[in-house]
Amino acid sequence: MMHAETIELEEGTRVELWARGPGAIRALIDGVVVWQVPALSEHPGYYKYHHREACAVTFEWDEPESILWVYSWEPGRVEDCGITVWEFGATGITRRTGTEIDAWMRADTKRPGLHFSPIRQWMNDPNGLCRIGETWHLFYQFHPSGTDWGPMHWGHAVSTDLFHWTHMPVFLHPEQNCWQLGATGGAFSGNAFRDRDGAQMFFYTERLPAYDLFSGYREIQKLARPGRGLVTAESITTVLETRPDGVEHDFRDPKVWWDAVRGEYRMILGASLDGDPAVLLYGSENLLDWRYLGPLYRAPARFRGEGARAVECPDFFEIDGKWVLVMGFVGHTDPVSGRHNLLYALVGDFRDDRFVPDNDALQLLDFGTDFYAMQSCAADGRQIAFAWLFNWEDRKPPGSPYSGEMSLPRELSLDASGRLCMAPAREFEALARERGEVRDGAAALPDAPFDLVLTGGLEGARITATQAGGTSFEVGVTDGVLWVRLPQDDGRIRYDARIAPEADLRVVHDRGIIEIFADGGAVCGTRRNYKHTSPDALTVTTNGRATISHPEA
Ligand code: FRU
C-alpha cells in the first residue's frame, strides 16, 4: 500500500535515509517526481535527497518498515539546531527536532537520563572527541540501519556541558556499500587532531569490506578533514596502507599528536605483533606520509595464551609530565576473575620514541568490565574521557530503539602513587541537587539517577538497591575487596577489586548503569544492568557516612 504526506521544506534541506526493500520511496513537487528509489534493494542502502527551493514536497513510500533511519538538516541551522528526525509510519511522517527528540528519548523508561545514547540504532566506541571553542564534539561508532553492530559510520553529537547533547548528521560513511557486498567493515574508530595551524582533522581506520570478524581483513588509516562546523567530512585521504612485518590484520584505531621535542608528528595504532597484543608507533613530517618507528608496547606472552588477539583503541596522553598508555585487550579472558576484554593503563615516560613504564604491572581500569574503548582528549586544561558501556556479555532486550551508551564524562588524573584515577567530570557536580544523609533502613528512591557517596571506613559496607522487593544490584566491601553483583550473575565471572580500608566510594546509578568510583578514582567498576533498571528502594549499611543526591540533566 502506498502512503503519502506533503510537507514544507526549507531551501537547501538535506534528507538522509537508510532503507531496504521491499518497496519504493519517492519525492514529488507539484505532482512531478523529483527524486526516487523505484525499487529498494534487499540490502540496506544509503540515500539522500537535496531540496533546492523552499516549497511543499510530497513523499510517497510503500512499507514503513523498509525505512530504517531518516533525518533532515539545513546547512545554515544545523550547528545550532541539529538534525530533525523523521519517522515514516503507516499514517504519515512524524518529524521531531531538538527538544522533541529529547522528550521522545526521555519517554523511554529504560533509557538512562544522564548518559549519552544514540536516538536510534547501534552505537559503540566514542570517537573524535574534541572541544572547539565552547563546543564539545562527541563522535561515535554507529550502524544506522540496525540495533546490532554492522557497517560502521561515525555518528556525531555536540554539547557545551557534556550532558545536554544536540544530535548531528552522520559524519563518516564506509568507503563502500558493505551491506550490498554482504560484508562488514567501514569507518572504524579514530581520534581528533588539530595541527599547528589550528586545522581540525580526524584520523581513523577503514576496515575494507570483510567477510570474517576475526581474521583475514584489511585495515588502512585515513585522514578526514571536516567542512564548516564539523558537520560533514569534506575530504578523505588514505595515509597508511602497509602493515609492518609481523602484523597480520589488526591494525587500527589511530591516535595522533605533535611531538614538540622531535619536531614531528607521532601516531599510535592498536595491533597484534607476531600474535601478541601491541601498540605500534609511527612518525610523520606532514601527516600524510607515515613511517614505522617500532612497537611502543608489546603485551607479555601470557596475554596471547589467555586469548588476547590485539590491542584496540590505544590512548596515549600526558598528565603532569607523565605519559599514560591505555589499551583494550580484545579476546582476553583473565583466568582468575573470568572477566574479558579488559582495559589497562600504564604510566611512565616517553622519551626518544620509547615508552618506559614506571611499573610493568598493568593497572586494570575497570573491574566491572562494561567500560571499553575509552577515548580521552586534552581540552579546557583537563583530560576528559568517555567509554562505551558494553562488554558483549549482555545486551539490551529486543524492542529497544537503540543499543549502546557512553559512560559519564570523566576527568583523568594521577594520584600520588602514580595510578590513573577517574572521576565524573566537574560538570556532573553542577547537575546535583541537594545532598542528603542516607539513614539506616530502606529509603524510597525516586525514578531518577542517584549519586551515592560513602566515606569513613568501608569494610563491611553494603549497598542494596531493590525494585518491588527484588534485588536490582548490590555493591559491598568484604575483607578489603570491593564487589558489585547483579541478581542475574551466575558466579562464572567475579566483578571485584582490592581497595584500601579507608578508601572512599561513590556509586552513580542511572536506569541500570552502575558506575563505581573508589579510592580517589583509582579503582573503578562499571556494570550495565539491562534487567533491573528502576530500583525503588535503597538500603545502605556502613560504619561511616553515606550521602545521596539526585542529579538531573
Ligand atoms: C572496539 C572496536 C575498535 C574498532 C571498532 C569497530 O570496540 O573493535 O577496535 O575500531 O570497535 O566498530
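The secondary structure of this predicted chain comprises 4 helices and 43 strands, both taken as DSSP runs numbered from the N terminus (helices are H or I with at least four residues, strands are E with at least two). The radius of gyration is 24 Å, close to the 24 Å of the globule rule for 553 residues, so the chain is as compact as a globular protein of that length; the radius is taken over C-alpha atoms, and the rule is 2.2 Å times the number of residues to the power 0.38.

Here are some values for the whole chain.

| Property | Value |
|---|---|
| C-alpha span along the principal axes | about 75 × 60 × 40 Å |
| Share of the 553 residues that is buried | 60% |

Buried means under 20% relative accessible area, exposed over 50%, and partly exposed in between (1.4 Å probe, protein chains only).

Now to one residue. Ser 284 lies in strand 20, which covers residues 276-284, and counts as buried because its relative accessibility is 1%. Beyond its neighbours within four places in sequence, Ser 284 is in contact (heavy atoms within 4.5 Å) with Glu 264, Tyr 265, Arg 266, Asp 289, Trp 290 and Arg 291. The Ser 284 side chain also reaches the backbone oxygen of Asp 289 at 2.8 Å.

As for conventions, residues are numbered from 1 along each chain as its sequence is written, and side-chain values use heavy atoms, without hydrogens and water. In this predicted model, local features need pLDDT of at least 70 and side-chain atom pairs count only at pLDDT 80 or more, while totals for chains, interfaces and linings use all residues.

Definitions and conventions
Polar contact = N/O pair within 3.5 Å; in protein donor to acceptor, adjacent residues only side chain to side chain.
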